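Let's take a look at how some side chains sit together in this protein. Have the sequence and the 3D view ready.

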Amino acid sequence: MEWLLVTRTVLIMDKQNSQMNASHPETNLPVGYPPQYPPTAFQGPPGYSGYPGPQVSYPPPPAGHSGPGPAGFPVPNQPVYNQPVYNQPVGAAGVPWMPAPQPPLNCPPGLEYLSQIDQILIHQQIELLEVLTGFETNNKYEIKNSFGQRVYFAAEDTDCCTRNCCGPSRPFTLRIIDNMGQEVITLERPLRCSSCCCPCCLQEIEIQAPPGVPIGYVIQTWHPCLPKFTIQNEKREDVLKISGPCVVCSCCGDVDFEIKSLDEQCVVGKISKHWTGILREAFTDADNFGIQFPLDLDVKMKAVMIGACFLIDFMFFESTGSQEQKSGVW
């Protein structure tokens, strides 16, 4: 009798297990319970056949190999080209750095980042001391690509007396560093006259890459109504033109400075001052800019465009809303 009871119990349990497996083969849940995830969640793309089997073991590392570096940084002495974003150093605000592409021929060190982009975003950081006291501090900028990855970081290097006595017309040195902390671009702006009545000594800025080696210049062109500039190469030869609107006023809209060919018949790009909101425009001089240029433009000229953007920022948008220049005439 006891043997019959045990046999019946085993048969009942086998029947229940068969029902569970038949109802939800992916999860083995009892009848009446929905699966935890839909079956499609476990299916891969077409042609997917599951994880590959065991791989052939890797050869042993060479003698003297010290292993990978700190987490989040590229391995020393190893190429960092085409690295995923999460394997790059991260800035103080958690912004990922752009991976370093393969440098093209005759490319100054550090400018290889510009070879694969046709758009740059420049965001000026808000300085709390400047907002509260009006005391002019050194400007700092983040330079990013269109994906929001940081390409460079720029910082002004000017003494306190010059900043607060000369204001937006001040001469400055702007240092641009890459994700390895190396200074790759230096911008030098000398002290110049800021009046349209004196066309013999207009604004200009020199772009160096690497520091100490000029690669181009941005020269203000005299015009009674319009802000105009000429882009020159390292030999002081004219390459491109920049033309802005008659009234340089960022009131509830962007302000565009068009990048044109030498005959000014063809627009090849633009430098745009983006509207950042009424409060930020009124109480700070922290501005946002966008630069667009052809993808195949020489990386040196792309760096010169960055210099042109900073010169335009200081000339027309460095003051707060109550003091901001409202025209291209000085």
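Buried means under 20% relative accessible area, exposed means over 50%, and partly exposed is in between (1.4 Å probe, protein chains only). This is a predicted model, where local features need pLDDT of at least 70 and side-chain atom pairs count only at pLDDT 80 or more, while totals for chains, interfaces and linings use all residues. Residues are numbered from 1 along each chain as its sequence is written, and side-chain values use heavy atoms, with hydrogens and water left out.

Now for the rings. Rings of Phe, Tyr and Trp (its six-membered ring) pair if their centres lie within 6.5 Å; planes under 30 degrees apart are stacked, over 60 edge-to-face, and the rest tilted.

| Pair | Centre to centre | Between the planes | Type |
|---|---|---|---|
| Tyrosine 113 and tyrosine 152 | 5.8 Å | 75° | edge-to-face |
| Phenylalanine 316 and phenylalanine 317 | 6.4 Å | 65° | edge-to-face |

Tyrosine 113 is buried at 3% relative accessible area, and tyrosine 152 is buried at 0%. Phenylalanine 316 is buried too, at 1%, as is phenylalanine 317 at 0%. Ring pairs also tie Phe257, Phe289, Phe316 and Phe317 into a cluster.

What about disulfides, meaning pairs of cysteine sulfur atoms within 2.5 Å? The whole structure has zero of them. The sulfur of cysteine 160 has its closest cysteine sulfur, in cysteine 161, 7.2 Å away, so that is too far for a bond. Cysteine 165 is in no disulfide either, with the sulfur of cysteine 161 nearest at 3.8 Å. Cysteine 160 is partly exposed at 36% relative accessible area, whereas cysteine 165 is exposed at 61%.

Conventions:
A disulfide is a pair of cysteine sulfur atoms within 2.5 Å.
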